[in-house]
Amino acid sequence: MTSEPTTPPNNTAAPQRVAGILAEFDSADALKAAAAGIRDEGFTRWDVHSPFPVHGIERAMGMRPTVLPWLVLGAGTTGGLLALLMQWYLNATSYPLPLRGYPHIISGKPLFSLPANIPVTFEVIVLFSALAAFGGALVLNRLPQFSHPTFFADRFQRVTTDGFFISIEAADPKFDEATTRALLESLEPTAVEVCRRPAEGGGLPKSIPWGLAVFVSLALLPPLLIAWYRAAPKRSPRIHIIQDMDFQPKYQTQAASPLFADRRTMRSAVPGTVAEGGLEEDDHFFRGKVGQQWVETFPGRVAVSETLMQRGRERFDVYCAPCHGLSGDGRGMISVRALKREEPLWVPPAALAKDSVRQQPVGQIFNTITHGVGTMPAYAPQIPTEDRWAIVLYVLALQRSRHAELDDVPEDIRPQLR
Amino acid sequence: MQTDTANPTEERTTLERMMPWALGALLVVGLAGLGTACGLGWDSDDGGKHLLHCYLVNYCFFLSISLGALFFVALQHATRAGWSVTLRRLAEVLAANVPLLALLFLPILVPVLLNVPALKQWLFSNLDQAVGPDHWLYVACDRLANVHLFPWTDSEVVAGDELLRHKAPYLNPAFFAIRAVFYFAVWWLLARFFLRRSLAQDLSGDPHLTVRMERLSPVALLLFAVTVTFASFDWLMSLEPAWFSTIFGVYYFSGAAIGFLATIILLAMLLQATGRLNRSITVEHYHDLGKLLFGFVVFWGYIAFSQYMLIWYANIPEETTWFLARQSGSWKWVSVILLFGHLLIPFFGLLSRGVKRRKILLGSWALWMLAAHWLDLYWLVMPSLGAEAVPPGPIDLACFVGLGGVYLAGVVWTAGNRSLVPLADPRLRESLAFENT
């Protein structure tokens, strides 16, 4: 009460405002004891400052538990529910709205199956929780704060080495320079200092709001440009930002060439030349026909034997059975599934033992495998010629098995027939 | 006794008079339990297979507590933790129970060993000559050799299964036994190292002992990771030898950490109820143990789901069978109970700060997690016995009480009259003054 406020020596002319009062203590224990002395006075804008964390200081200060965990829990729960909702909407529905879901079955799993959604849900929970924790901590701590009363006291710089301080801000509704100072002095500090901020300035530097305004305006330019280019009709081609080697100095198929008289980029072979291994003179073997007639017999180069039959069976099971079925009845697993799903464009494959196929000469069956028919694709690129004949042989066997007589069954197996 | 004058905790930190009768009582209960289990399961139609499965569940349960303790001790040294010093001796004592666990492993090891071809031939031909095939010893050995807790010990099964033939260089009885000896040797050496240095420090107060333990702890953690991974492969995963999951070791480890943390919480509370360690272990220590327990509950969920997710998504038959067995029939409900009881319910139960700082609540959750951890092991082991979930019955209870009694008797024996707080640890005062912010 009796000690006069010390005035800084060199600032006699400039008027100053009191920003707060700072008290220094010589140890962490003294700081704790002093904090306990201020705790019950009802101040809201005061704080303690120390070079290292002091255990138990929050109890000495009477700090109430923070609300932050509840914010994080709420944000995390919201994030998890939103993530689930998003995945359900995008993967399991297709409501006719502008942003429409796309139901697509993957590996026969249900459209909405929880295990697949857990990782995304988990990550979104973490994202929301982290953002809530970060933003919540900033807001609850009144950050960012550009100025604080302690900035105007030189002795406060020692807070990072060996100084222990208590500061009470003038902005506190209970603050009164004389009584607050007396309170602090009653707590046995080593020093008490009134922090005064200059009457002029001391606020936010003008460059910061201006700089922010310029930054925000510039940052708005790219999205505005993009929006304008998307909305306005234009005659010139779109700007190709990512090139990805899309434009290369080379001739594409069917393009015009200035080099040749016929202006064709794709050159045809010189008449009379044959590519190596490309002389497929043997019509019987390579095309299954002699003249305009389908052949009725196997070509001489293919020896009909048990080995060829086994080879044909194996290749048939690999290439043909998925659609035509292992017995050639047209009920392969692809066809069965397509029919089950009622695929609108699916044409069921032929049953190989039906009459229209049975009546075909071997040459024609060979031709079907080679070039395909209807929706069946050509298999010449995948199956070598010899193997195609082997498959033809096996197809004949399958046909025969469907129209077998009792005489076809070997004597010793006949008793097993029902 | 000699430390009384220099005891910074200013309280009784030894078992003293409690030790002899606790040891006796636990041993009697334990042996009675094991005897009852044998009586109930040995003469059943399955040749003791159910009994051995129950034994394995409970053995892995108590083993996990000691392994978790070993991990905890090494971790505290590796991180130079100050807060946990008053708790560390309890963990050291739990970890040093490994020799007893090695002894208790014999009922699992012997049936496997009896299937080592050379040993089997030698033993049974000698037995045949010495006592004849009707003698009880011959019958007992024959039964043990044919119980086949692990299907790959059955040479006929292996001969008929190409996959098992290819796995035979690893999954064969002799190598299994060699590996088991190696695991126990590593665990015993590590546990002994930490306990001995720590006890020596009680007498000498030499801070260099702490430095030595800190130096070894990363190596200990590395050895721990490798041995626990392969031990869980050998003793749990190979129950269904065609199935494999590379994360399985981490899964068992996560359960072990939970088992240990729950145990040390309950153990500390029990000791405090008898008037010991009341000043050394404060609400702050319980709070931190609660945080770790909560963390490992989440970790277990993360690992369990990682294992499930990849196998479920890839949908490869030889991998999904394991989960299919646990997703069909009554096992489905056990899986659901695990999901809620081992993860979701304790997650929200242990989330709050207040729960971790109230002894009665934290203790209840520790008990809950021990039960959930036990059920987790039951869920790992028992489906290899049959497709339908068997509700735990008298055999399980007898195995649990028996192994638990013997295990705790071992803990009391190891603790002896030693101080349960490392009295001369350089960080003891930091730990005593520890406060959570």
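Student: What should I know about the numbering and the model?
Tutor: Residues are numbered from 1 along each chain as its sequence is written, while chains are lettered from A and ligands numbered from 1 in the order in which they are written. The model is predicted, so local features need pLDDT of at least 70 and side-chain atom pairs count only at pLDDT 80 or more, whereas totals for chains, interfaces and linings use all residues.

Student: Why is α2(B) called oblique to α17(B)?
Tutor: Helix α2 (residues 49–78) of chain B and helix α17 (residues 359–381) of chain B pack at about 140°, their axes 9 Å apart. Axes are lines fitted to C-alpha atoms, for helices over the stretch in contact, and angles run from 0 to 180 degrees between N-to-C directions. Angles under 35 degrees count as roughly parallel, over 145 as roughly antiparallel, 65 to 115 as roughly perpendicular and the rest as oblique. The angle of about 140° therefore makes α2(B) oblique to α17(B).

Student: Which residues of α2(B) and α17(B) meet?
Tutor: B:His53, B:Leu56, B:Val57, B:Cys60 and B:Phe61 in α2(B) meet B:His373, B:Trp374, B:Leu377, B:Tyr378 and B:Val381 in α17(B). Contact requires C-beta atoms, placed from the backbone, to lie within 7 Å. By class, this contact of α2(B) with α17(B) has eight nonpolar, two polar and no charged residues. Ala, Val, Leu, Ile, Met, Phe, Trp, Tyr, Cys and Pro count as nonpolar, Asp, Glu, Lys and Arg as charged, and the others, Gly among them, as polar.

Student: What makes α2(B) roughly antiparallel to α11(B)?
Tutor: The axes of α2(B) and α11(B) come within 8 Å and cross at roughly 155°. That angle makes α2(B) roughly antiparallel to α11(B). Among the residues of α2(B) in this contact are B:Leu67 and B:Phe71, and those of α11(B) include B:Leu221 and B:Phe224. The contact of α2(B) with α11(B) divides into 14 nonpolar, two polar and one charged.

Student: Why is α11(B) called roughly perpendicular to α12(B)?
Tutor: Helix α11 (residues 207–235) of chain B and helix α12 (residues 248–273) of chain B have axes that come within 8 Å and cross at roughly 100°. That angle makes α11(B) roughly perpendicular to α12(B). B:Val228, B:Thr229, B:Ser232 and B:Phe233 in α11(B) meet B:Phe248, B:Gly249, B:Tyr252 and B:Phe253 in α12(B). This contact has five nonpolar, three polar and no charged residues.

Student: What makes β2 and β4 of chain A edge strands?
Tutor: Four strands of chain A form an open sheet in the order β2-β3-β1-β4, with antiparallel pairing. β2 (46–49) and β4 (191–198) of chain A each have a single partner strand, so one side of each is left without a neighbour in the sheet. The twist averages 25° from one strand to the next.

Student: How do you know that β2(A) and β3(A) pair?
Tutor: Two strands pair if DSSP finds at least two bridges between them. β2(A) and strand β3 (residues 164–169) of chain A have four bridges, in the antiparallel sense. The bridge partner of A:Asp47 is A:Ser167 in β3(A). Helix α1 (residues 28–39) of chain A lies across β1 (16–25), β2 and β3 of chain A, running at about 25° to β3(A).

Student: How many residues of chain A are in contact with chain B?
Tutor: Nine residues of chain A are in contact with eight residues of chain B. Helix α4 (residues 114–140) of chain A gives the most to the chain A side, with four residues.

Methods
Helix = DSSP H or I, 4+ residues; strand = E, 2+ residues; numbered from the N terminus. Contact = placed C-beta atoms within 7 Å.
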